[in-house]
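Trainee: Could we go through this one together, chain against chain? I'd like to work out the charged pairs and the interface.

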Amino acid sequence: MTNKTLTSTVALALGLAGTAAFAQDPVTLTVWSIDGDDRPGISDTFSAEFNEQHDDIQIDYRIVAFDELVNETLRAYATGNAPDIVSFDNPDFALFSSRGAMLDITEMVENSDIINAENYYEGPMNSVMWDGKIYGIPKYTDTIGVFYNKDMFEAAGIEEPPQTWAQFEDYAERLTDPENNVYGATFSARAGEEGTFQFLPLIQMSGGSYEDVVTDGAVEALEMMKRMIDNGWASQDVLSLGQWDSTGTFNSGNAAMAISGPWEIDRMVEDAEFDWGVTLLPVFEEGDERSSALGGFNLGIMSTTEHPEEAFQVLEYYASQDDRMFPEFGNIPARSDIELPESGIALKDEALAVFQEQLQYAQPRGPHPDWQQISKAIYDGMQSALTGQMEPRAALEQAQASIDNIVE
Amino acid sequence: MLGSLRDGVGFDMLLIGASMLFLIALAGLPLIYNVMMSFQEVDMFTLGSLFRPFVGLENYREVLAEPIFWPVMINTLVFVVGSMAGQFVLGFSLAIFFAQKFPYSGTIRGLFLVSWVMPGLVVGAIWGWILAGDFGVLNVILRGIGVIDTNLFWKSDPALSLWAVIIANIWLGLAFNMLLLSVGLAAIPGDLYEAAELDGANAFQRFWTITLPMMRPTIGAVLALGLIGTLQQFDLFPALTEGGPANSSNVAQYLSWQYSFQLYDFAKGATVSVMMFVLVLFASIVYVRSTRHEVRG
């Protein structure tokens with residue numbers, strides 16, 4: 001607010017007040033995102049720049065905590081105080097777009113000179129689509145792969161990173177070293193979205209989908225994960241650790257392989273005192289179709305906005321700055337037309353190249369308006385199998401029954 | 001009537017009326033809203049409106065039919081009984097210990113209150129580190145004194161996960177129990193003990209025939225508040241286990257939250273909380289009846 005007043009005062013003082021824009025109050029748009037909490041992020045930085053460049057449109061930016069974003073927006077929407085623009089984690093987007101809470105911007109995108117739907121990777125783009133219409137634009141994206149400790153691989157005489165899940169398990173066994181508190185592998189199988197995020201790709205690469213989770217591959221995968229936990233090749237704590245904490249044990253040299261995503265790279269470059277690399281998620285049989293999880297955020301305009309045109313201009317501005325996203329903020333833009341500049345850190349650049357390849361196989365979770373319930377069915381099933389409470393196939397069949405009820 | 005407003009019946013009515021209004025507005029209306037919601041079909045986008053399709057007992061039928069419903073209820077019972085027993089027994093022992101006169105007993109007792117002023121999420125995070133499987137402090141200690149020889153995965157073993165939360169919750173509620181029980185102990189006249197000692201009663205007899213009966217109202221209050229506090233305990237669950245693995249540490253209050261704010265099924269969330277409310281109401285009635293007898297006596 002002070003910023004706005006200041007800008008107009010300065011403008012007036014300079015005698016530039018002749019245009020019509022100054023005769024009326026500028027349009028104020030509310031933008032909600034998680035960026036800018038502890039350090040400058042994408043949305044807060046770009047919004048501040050936008051405000052400096054525009055006098056007729058001003059952004060009122062608000063940081064909302066990740067865990068509160070959906071709840072807060074639901075509440076605001078229910079009471080008629082929804083923001084104009086909001087950014088959601090990609091599986092949450094359909095919850096809003098399918099109920100008419102997001103603005104259909106298909107035509108605006110078609111007529112836009114700046115936003116081109118074809119430039120986006122297919123997975124992220126699918127996550128903003130509902131019923132063939134575009135309800136937002138992908139903001140950034142990420143996915144998962146296998147980080148591996150090259151020093152440990154060398155010491156164990158293993159030359160290649162794992163290509164199949166059988167190899168992954170075999171390596172995990174060979175690399176486990178209880179004397180030195182080293183596990184062969186670490187991943188996240190926790191009771192939450194991260195659990196689904198890491199397990200769903202295995203269902204998908206064995207021919208299944210979130211609507212069809214009982215596949216031979218998924219059963220095999222659960223048996224493998226359970227063997228790894230039971231034999232101590234992976235810590236039992238994978239059942240309660242999130243990806244960030246789980247990969248922490250890799251960074252400290254207590255796990256030889258870790259399944260996680262590019263958000264780990266910066267910390268790993270700093271913390272890991274060994275040579276490491278990244279490889280694509282293994283498959284069941286060589287030559288099988290690949291799959292990976294799709295993470296990342298989307299941006300959308302809420303249907304209750306009074307200024308759709310202006311809000312779209314803001315989206316266009318954000319999109320026009322996408323090429324700065326990686327160098328300045330470390331996030332991967334969801335677009336294939338942007339070349340990421342080299343960082344000069346060899347480990348980082350190599351890892352990034354792998355994740356960019358992996359992104360081509362990344363599939364969005366959903367989109368489905370009841371995604372959270374589907375996700376719970378999947379991670380509950382996974383956990384009952386891994387804790388031995390149910391046989392893997394029975395656990396997946398129970399998850400399937402719940403999913404059938406939700407999807408109908 | 002108006003004249004008595006300053007002094008008399010009118011004034012009494014005014015005071016009671018004000019607090020009743022306050023109670024109805026802040027506790028009554030949300031409660032009624034919650035009960036209403038449990039009989040309605042609530043879509044997340046109709047959350048703001050008051051009138052929604054009425055579905056009768058459908059929500060209750062669905063919640064009861066969930067395969068995890070009964071395991072969660074049993075977990076809730078274990079959690080409540082385990083936490084309350086631990087908090088009470090340890091709290092009472094500490095209260096008696098610090099009631100003995102030794103140097104700095106008051107100061108040391110004061111230090112115990114640290115746990116009481118800490119937010120549940122912080123306590124959860126700290127206990128999360130203590131109870132961690134591979135590098136947790138508790139495992140190191142237990143291994144050091146030879147109780148275990150392999151690490152226990154407190155948070156990830158379905159047989160232990162609920163106990164991990166119970167242990168943290170006992171620590172969290174310990175100071176509160178100790179404080180209330182200390183006050184009760186301090187209120188027992190010292191000459192009762194002196195007389196009993198002269199009559200030749202030993203320490204155990206003094207505890208059994210003087211301390212316990214004299215403490216009965218305090219114990220009743222502590223247990224009632226303990227029940228409410230334990231059923232309200234929520235922060236430790238997201239901080240420690242998230243109800244996992246495989247719902248082995250899921251309890252009713254966390255399930256209610258999961259329905260409402262993780263699955264956005266607000267009607268089912270309300271349904272579970274109404275069930276819990278009935279339970280607490282029942283416990284309160286038992287408590288009120290038992291203390292009423294005490295007052296008459």
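**Salt bridges and the A–B interface**

Mentor: Let's start inside one chain: A:Lys376 and A:Asp380 join side chains in a salt bridge, 3.1 Å from N to O. The term covers a side-chain nitrogen of Lys or Arg within 4 Å of a carboxyl oxygen of Asp or Glu. Before we go on: this is a predicted model, where local features need pLDDT of at least 70 and side-chain atom pairs pLDDT 80 or more, while totals for chains, interfaces and linings use all residues. Residues count from 1 along each chain as written, chains are lettered from A and ligands numbered from 1 in written order, and side-chain values use heavy atoms, without hydrogens or water.

Trainee: Which helix holds both A:Lys376 and A:Asp380?

Mentor: The two sit four residues apart, about one turn of the helix. Helices here are DSSP runs (H or I, at least four residues; strands are E, at least two), numbered from the N terminus. So look along chain A for the helix in question, and you land on α16.

Trainee: Are A:Lys376 and A:Asp380 buried or exposed?

Mentor: Go by relative accessible area with a 1.4 Å probe, protein chains only: under 20% is buried, over 50% exposed, and in between partly exposed. By that scale, both A:Lys376 and A:Asp380 are buried.

Trainee: How much area is buried between chain A and chain B?

Mentor: Contact here means heavy atoms within 4.5 Å, and 30 residues of chain A touch 27 of chain B that way. Buried area is the accessible area (1.4 Å probe) that two parts lose on being put together, summed over both. Carbon and sulfur atoms give 57% of a total of about 2,500 Å².

Trainee: Which residues of chain A lose the most area to chain B?

Mentor: Three of them together make up 20% of what that side buries. One is A:Lys376, from our α16 pair.

Trainee: How many salt bridges cross the interface of chain A and chain B?

Mentor: Over all chains the count is 22. A:Arg190 pairs with B:Glu242, closest N and O atoms 2.8 Å apart. Across the interface, the rule finds one.

Trainee: Why does B:Glu242 count as buried?

Mentor: A:Arg190 comes from the loop between β8 and α9 of chain A, and B:Glu242 from the loop between α11 and α12 of chain B. B:Glu242 counts as buried because its relative accessibility is 18%.
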